[in-house]
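Student: I have not seen this one before. Please walk me through it, starting with the terms.

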Amino acid sequence: MTSRDTIFALGTGAGRAAIAVIRISGPRAGEALKAVAGKRPPPRQASFAVLRDPETGEMLDRGLALFFPGPASSTGEDYSELQLHGGRAVVEGALAALHRLPGLRPAEPGEFARRSFANGKLDLSQAEALADLIDAQTEAQRRQALRVAGGALRRRVEAWRAALVESLAMVEAELDFSDEADVGAFSPARLSALLSPLARDMRAALQLAPASERMRDGFLVMILGRPNVGKSTLINALTRRDLAIVSPIPGTTRDMIEAHLDIGGMPVTLIDTAGLREAADAIERIGVDRTLARVETADLALWLSDSAEAPPDHEIETIRVATKTDLTPAPLGVIGVCALSGEGLETLAAAIEARARARLGDGAASLIVRERHRLALEQAVESIGSILVGGEALELQAEALRRASRALGRIVGAVDVEEILDAVFSRFCIGK
Ligand SMILES: Nc1nc2c(ncn2[C@@H]2O[C@H](COP(=O)(O)OP(=O)(O)OP(=O)(O)O)[C@@H](O)[C@H]2O)c(=O)[nH]1
Ligand SMILES: [Mg+2]
């Protein structure tokens with residue numbers, strides 16, 4: 001995979017649409033436009049273009065062509081875009097025409113983003129955040145992805161690395177010139193004055209990490225209760241879909257049914273479960289066991305009851321919900337819902353939203369958003385911590401500083417990255 005190839009791909013989603021955007025990046029991006037659209041438009045200006053098959057001259061579509069000369073383009077290379085009608089035959093015709101041009105080949109998944117990275121347009125944390133932005137389903141997820149894509153983590157890591165470099169310079173100067181009387185800049189106290197606030201700042205960022213990682217997956221809410229209390233009815237009402245089978249027969253639900261919801265901008269994963277009881281048969285028993293296993297990883301349980309029964313003891317935070325309030329009124333202090341009238345659903349949704357917001361934040365302070373980042377930062381903090389404990393030889397302190405710096409470098413993709421890059425970019429879609 002050399003960047004001398006010129007690559008192309010459909011950038012917009014596959015299928016019917018009003019518009020399709022085809023992206024071309026590499027040294028022949030300008031020539032390719034000339035070959036299929038008859039001209040290379042002036043830089044950064046949209047021009048009307050008639051797209052033709054370069055071999056037969058047959059018209060394929062009318063659309064817009066744009067040209068961005070490198071390095072001031074999204075990939076850092078010469079970059080072209082064709083905006084066409086989003087029909088399957090139009091797109092296939094255009095891609096086939098480009099494929100016939102010498103020096104052009106279809107892009108691999110994530111290859112555009114990888115070239116942006118290689119050309120310094122993005123660091124690794126930003127490239128990953130762009131993938132999150134494309135996946136973002138709710139406002140809070142979007143806010144978090146946009147913040148990291150805008151370079152929030154990149155800048156913080158750069159500041160941390162700069163402080164490490166300064167510390168390392170101090171330690172190395174002491175190692176090299178300690179016999180010269182006038183150096184004198186080094187003292188353990190000065191080193192820890194540099195490193196202590198750094199470690200504190202990193203630990204603060206780590207504290208927010210679980211919330212930000214959870215933001216990408218969704219706040220996990222399990223609907224629990226005895227058979228027949230109305231759990232499946234509730235998930236259907238909250239999602240406004242006919243997801244789960246509802247019946248008056250206790251033990252209807254066996255498999256967990258999962259739905260992804262946007263509640264007030266917060267991503268929430270809601271799971272309907274098998275009613276908890278001494279199971280009537282082996283299959284139901286499996287359903288109940290799975291429910292209990294999953295509860296351990298949940299953020300919140302909704303304990304549903306139509307008879308004012310209190311929830312069993314769980315480790316996790318629980319909201320009590322009284323169902324079927326058309327038949328029995330809710331006990332005092334318990335949120336009541338009625339699936340027939342929809343009463344109480346808004347109150348319940350607001351309660352879930354509030355817990356999700358308290359747990360995940362709103363994305364505006366997110367920094368460490370992936371396990372990959374967190375593990376690297378933990379390593380850096382550990383290395384710095386070993387110096388702050390004191391008592392280590394200067395050579396070992398220098399090595400610990402280098403280790404911390406390398407760990408941080410992995411977050412932004414600045415060091416020993418080939419494997420990380422392959423793993424990160426191959427998960428992107430084609431055209432990204
Ligand atoms: N009157 C009334 N009936 C309800 C209400 N909500 C649910 N039901 C009825 O209660 C019965 C059980 O509902 P489900 O949603 O299947 O209960 P479940 O908790 O999922 O039951 P299992 O899957 O067996 O654990 C069905 O007949 C529903 O129509 C309600 O608010 N009022
Ligand atoms: Mg059910």
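Tutor: Two strands pair if DSSP finds at least two bridges between them. Strands (E, at least two residues) and helices (H or I, at least four) are DSSP runs, numbered from the N terminus. Residues are numbered from 1 along each chain as its sequence is written, while chains are lettered from A and ligands numbered from 1 in the order in which they are written. This is a predicted model, where local features need pLDDT of at least 70, side-chain atom pairs count only at pLDDT 80 or more, totals for chains, interfaces and linings use all residues, and side-chain values use heavy atoms, with hydrogens and water left out.

Student: OK. Which way do E2 and E5 run when they pair?

Tutor: They are antiparallel, with 8 bridges. Ile-24 stands opposite Ser-80 in E5.

Student: And what does E1 pair with?

Tutor: Strand E1 (residues 6–10) is joined to strand E2 (residues 17–25) by 4 bridges, and these two run antiparallel. Leu-10 faces Ile-22 of E2.

Student: How many residues sit between E1 and E2?

Tutor: There are 6, and the two strands form a hairpin. Gly-15, in the turn, has a positive phi of about 110 degrees.

Student: Which residue has a positive phi although it is not a glycine?

Tutor: Arg-44, with phi at about 60 degrees. Arg-44 is in the loop between helix H1 (29–37) and strand E3 (47–52).

Student: Where is the cis peptide bond?

Tutor: Between Gly-70 and Pro-71, with omega about 5 degrees. Pro-71 belongs to the loop that lies between strand E4 (59–68) and strand E5 (79–86).

Student: Now the open sheet. What is its strand order?

Tutor: The order is E8-E9-E7-E10-E11-E12, which makes 6 strands, and the pairing is mixed. Strand E8 (257–263) and strand E12 (335–336) stand at the edges with a single partner strand each, so one side of each has no neighbour in the sheet.

Student: What holds paired strands together in general?

Tutor: Strands of a sheet pair through backbone hydrogen bonds, either parallel or antiparallel.

Student: So what about E7 and E10: parallel or antiparallel?

Tutor: Parallel: 5 bridges join strand E7 (residues 219–225) to strand E10 (residues 300–305). Gly-225 has Leu-304 in E10 as its bridge partner.

Student: And on from E10?

Tutor: E10 is joined by 5 bridges to strand E11 (residues 318–322), again running parallel. There, Leu-302 has Ile-319 of E11 as its bridge partner. E11 and E12 run parallel as well, with 2 bridges, and Ala-322 is opposite Gly-336 in E12.

Student: Switching to ligand 1. Which residues come nearest?

Tutor: Lys-231, Thr-233, Gly-251, Thr-252 and Thr-253, out of 22 residues around ligand 1. A residue counts as near if one of its heavy atoms lies within 4 Å.

Student: What kinds of residue make up that shell?

Tutor: The shell has 10 nonpolar, 9 polar and 3 charged residues.

Student: Which backbone atoms lie close to an oxygen atom of the ligand, in Å?

Tutor: An N or O atom of the Asn-228 backbone is 2.9 Å from an oxygen atom of ligand 1. For a backbone N or O atom of Ala-339 the distance to a ligand oxygen atom is 2.8 Å.

Student: And which side chain lies 2.9 Å from a nitrogen atom of ligand 1?

Tutor: That of Asp-326, through one of its N or O atoms.

Student: How much of the ligand's accessible area does the protein cover?

Tutor: The protein covers 87% of the 650 Å² that ligand 1 has on its own, with areas from the Shrake-Rupley method and a 1.4 Å probe.

Methods. A polar contact is a pair of N or O atoms within 3.5 Å; within protein, one must be able to donate a hydrogen and the other to accept it, and residues adjacent in sequence count only if both atoms are side-chain atoms. Ala, Val, Leu, Ile, Met, Phe, Trp, Tyr, Cys and Pro count as nonpolar, Asp, Glu, Lys and Arg as charged, and the others, Gly among them, as polar.
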